[in-house]
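The tour goes from one selection to the next.

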Amino acid sequence: MSDTTVSDFINDFLKDPEMGACITRVHRLPAVAARWAQLPEGLDPRLTEALATRGYKRLYTHQRLAWEHARAGRDFVVVTPTASGKTLCYNLPTVQALLESPDARALYLFPTKALSQDQQAEMNALLGAGKLPVKVATYDGDTPQSVRASARDAARIVITNPDMLHSGVLPNHAKWIKFFTGLRFIVVDEMHTYRGVFGSHVANVLRRLLRIASFYGSKPSFIFCSATIGNPAELAQALCGRPVEAISENGAPRAEKALLLYNPPLVDPVQGIRKSSALESRTVAAKLLERGVRTILFARSRLRVEIIASYLNEHFANLYTDNHRLRIEPYRSGLLPNERRDIEKGLRDGSIQGVVSTNALELGIDIGGLDAAVIAGWPGSLASFWQQAGRAGRRDGMSLAVYVASSSPVDQYLVEHPDRFLQAAAEAARIDPENPYIFMDHVKCAAFELPFAEDAVFGPIANRELTLDGLSMLEEEGLVRLTGQRWHWSADSYPSEKISLRSASADNVVIVDTTQGANTVIGEMDRPSAKELVFKDAVYMHRGRQFIVLELDIEKRICRVEERELNYYTDAVTKFDIKVLSEDDRALPCGQEAVLGDLLVRSRAEKFKKLRFHSHENIGYGEIYLPPEEMQTRALAVLFQPDSAGAQALLALGDESKQAVALSGILSLIRSLAPIRLLCDFGDLGGSYRVRDDHYGVPALYLWDRYPGGTGLCEALLELMPDVLADALSRLGSCDCGSGCPSCAGLDQAEDAVRGFRKRGALAVLSAIVRS
């Protein structure tokens with residue numbers, strides 16, 4: 001897109017009588033010139049020739065610094081923006097080392113299969129340019145069996161993902177002796193994605209990897225690459241267990257980028273209800289596509305991706321012009337590999353002009369030159385926001401990003417306080433490798449791979465007692481035995497195949513299309529998600545097509561669907577039941593007692609809503625008959641003890657029905673705003689309130705980590721609670737609705753005994769707490 005086109009679009013947008021009034025800010029990021037460094041001395045001539053053929057006659061300063069760190073054998077992390085040339089930061093030293101030593105090997109880890117395929121193409125182009133004798137192989141779940149043996153024996157660089165390393169490589173390390181003996185570099189790209197549950201698992205996978213590498217006599221160095229986060233060196237060190245240096249000075253150029261903040265118009269000023277962000281983002285994307293601007297639209301969920309993509313295709317539908325010669329596709333998890341690659345190829349070659357995606361395309365997959373990004377709702381973190389905004393634009397032309405706020409409190413808070421993310425430092429990413437559930441899973445896998453010494457330690461030395469306690473527990477279960485001063489795996493099972501790195505369950509449900517007698521697999525999803533998305537009579541959407549769920553067989557892990565034309569989609573309503581198991585720590589943030597401990601949470605999808613397309617009005621309910629999910633996790637309980645300012649303000653509201661409405665509003669705000677500071681998704685935190693809590697005997701708010709054993713979110717929230725409560729009060733005070741709306745304390749609920757009191761009650765209690 002030319003600079004003139006971007007400026008014209010912004011000017012036309014501002015002049016539009018309906019949409020111009022919704023633009024709350026136009027923020028321009030100026031162009032930045034490149035900072036260069038010379039190619040390093042001693043570079044293999046063949047590699048120099050390959051670089052020249054690819055157009056590399058010099059390096060950016062951060063690429064040269066990465067080279068120096070790698071040559072010195074240091075572990076380091078490169079933290080620079082999208083499209084800053086991070087790939088060369090690891091490809092250059094790795095290929096040089098492999099050319100110098102015929103026995104050297106390298107392992108590349110990417111979080112997704114799509115990235116692995118993309119990076120192999122990039123590496124093949126570099127190696128082919130100089131006819132370099134280095135074989136590269138991708139080894140993942142899509143790799144044919146006939147190719148796997150060749151990858152193990154002959155590949156000098158193996159590209160894979162943590163899931164395949166966990167379940168396919170490490171348990172079979174005896175087949176990889178040559179590779180592990182020569183392992184020189186471990187490259188971990190897109191490091192910022194390894195946070196929370198996934199990151200905690202990956203840290204333990206890397207412990208297992210280093211344990212096996214040491215067994216075969218190799219001492220590989222780590223090269224991490226990441227988008228901007230607040231604690232890159234700390235996260236990298238937590239992942240690999242070794243000191244890591246950070247390279248954060250970016251030498252790459254940046255073209256000018258315009259960022260528009262768009263707040264949809266109010267459709268009900270009294271209740272504070274705004275026009276749907278799905279509809280408004282569709283409208284923005286359509287205006288861009290009509291001008292020939294290749295556009296990516298990011299949405300928060302798989303369902304929303306399918307809905308917005310169908311809206312766009314409906315908008316451009318025209319039999320006579322082949323839909324205005326525009327092809328728009330949804331891109332999300334659950335698509336089959338060939339479907340994903342077809343969309344990626346179409347974006348690269350220009351046959352697809354628009355794509356609606358979850359954060360699956362946020363990462364560095366090569367999808368060609370897109371000119372505009374539309375971000376429908378806050379993606380959960382600053383790192384994700386700038387990654388998504390950075391998917392539009394090249395280094396030599398102006399690009400555009402439009403952030404379309406939803407009605408949620410976090411979106412409205414950020415639209416009102418744009419400097420909170422335009423000028424704020426990036427958030428810190430957190431992991432908890434010692435989560436007892438995650439840690440024990442990987443102790444099992446490690447024992448299967450190699451015996452533990454009698455006084456073994458898994459991970460840092462501080463884990464010695466934790467490791468020995470874990471091994472003793474496994475011995476009691478008959479999974480390991482202590483003999484000859486070593487712990488040996490003694491069970492018949494293969495532990496890694498039952499452990500998922502990305503969810504609480506390794507069980508995936510396969511979705512089968514049975515339309516007109518067909519029996520075709522069209523997707524899959526994890527079991528807990530299936531209970532909330534593909535229950536009987538649910539509407540499942542796949543690449544713009546609608547299917548009705550005929551049957552969900554949880555035991556057999558299969559969901560049968562049939563294609564239908566429907567005018568609605570479905571959304572499950574989940575109920576929670578909780579029980580306090582332990583109390584570990586107490587504190588007094590803002591004068592309110594808070595208790596950290598273990599909680600038993602039982603969740604069950606009980607019914608579902610039918611929501612009409614476009615208007616999103618509720619047109620009916622249905623029942624869900626599925627067994628509940630149960631887990632033990634970490635929780636934070638905020639107690640309203642009688643002598644606290646919050647309890648006194650709560651008591652002053654009057655009867656318990658008013659207190660319940662106020663607590664509900666406060667809980668809604670905390671759950672919505674806490675993810676800004678915790679660097680997590682809204683769905684990572686569960687919550688409930690009790691006017692009379694049966695355990696503590698006082699009013700209480702419960703917030704829990706929605707992963708078995710917890711991932712450190714509640715511990716971090718305890719420290720951040722004063723800031724979160726202040727954010728909540730700020731959002732309430734600045735919202736101009738009368739009695740509560742989706743942008744602050746929420747709308748009145750069907751079960752509320754008192755109507756129109758949510759905002760007033762929540763404001764009174766929060767004001768008292770924060771003032772104290």
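Predicted model: local features only at pLDDT ≥ 70, side-chain atom pairs only at ≥ 80, totals over all residues.

**Stop 1**

How many salt bridges does the structure hold? The total is 43. Side chains of opposite charge can pair when their charged atoms come close.

Select Arg 348 and Asp 118, whose side chains form a salt bridge with 3.9 Å from N to O. Now colour helix H14 (residues 337-349), which contains Arg 348, and helix H5 (residues 113-130), which contains Asp 118; the pair therefore ties together parts that are 230 residues apart in sequence. Asp 118 has a relative accessible area of 12%, and because the cut-off for buried is under 20%, Asp 118 counts as buried.

**Stop 1**

Select Arg 545 and Asp 513 next. Their side chains meet in a salt bridge of 3.8 Å, N to O. Arg 545 is partly exposed at 33% relative accessibility, while Asp 513 is buried at 8%.

**Stop 2: one more pair, then a network**

Move to Glu 617 and Arg 612, where the salt bridge spans 3.2 Å from N to O. Glu 617 has a relative accessible area of 39% and is partly exposed. Arg 612 is also partly exposed, at 29%.

Then select Arg 327, Glu 329, Glu 339, Asp 342 and Arg 543 together. Salt bridges with shared partners join these five names into one network.

**Stop 3: two crossing helices**

Show helix H18 (residues 436-449) and helix H19 (residues 464-476). Their axes come within 10 Å and cross at roughly 70°. Angles of 65 to 115 degrees count as roughly perpendicular, so H18 is roughly perpendicular to H19. The crossing of H18 and H19 is right-handed.

Which residues make the contact? On H18, select Phe 439, Met 440, Val 443 and Lys 444. On H19, select Leu 466, Thr 467, Gly 470, Leu 471 and Leu 474. Sorted by class, the contact of H18 with H19 has six nonpolar, two polar and one charged residues.

**Stop 4: Gln 659**

Select Gln 659 in helix H22 (residues 656-678). Gln 659 is buried, at 8% relative accessible area. Apart from neighbours within four places in sequence, Gln 659 is in contact with Leu 650, Leu 651, Leu 653, Gly 654 and Val 691.

**Stop 5: His 542**

Finish at His 542, found in strand S24 (residues 539-542). His 542 counts as buried, with 1% relative accessibility. What is in contact with His 542, leaving aside its neighbours within four places in sequence? Select Glu 306, Arg 332, Leu 335, Glu 339, Ile 522 and Phe 547. Glu 339 also belongs to the salt-bridge network at Stop 3.

Technical notes: Residues numbered from 1 in each chain as written. Heavy atoms only, no water. Salt bridge = Lys/Arg side-chain N within 4 Å of Asp/Glu carboxyl O. Helix = DSSP H or I, 4+ residues; strand = E, 2+ residues; numbered from the N terminus. Buried < 20%, exposed > 50% of the residue type's maximum accessible area, 1.4 Å probe, protein only. Axes fitted to C-alpha atoms, helices over the stretch in contact; angles between N-to-C directions. Parallel < 35°, antiparallel > 145°, perpendicular 65-115°, else oblique. Left-handed = near helix turned anticlockwise from the far one by under 90°. Contact = heavy atoms within 4.5 Å. Nonpolar A, V, L, I, M, F, W, Y, C, P; charged D, E, K, R; others polar.
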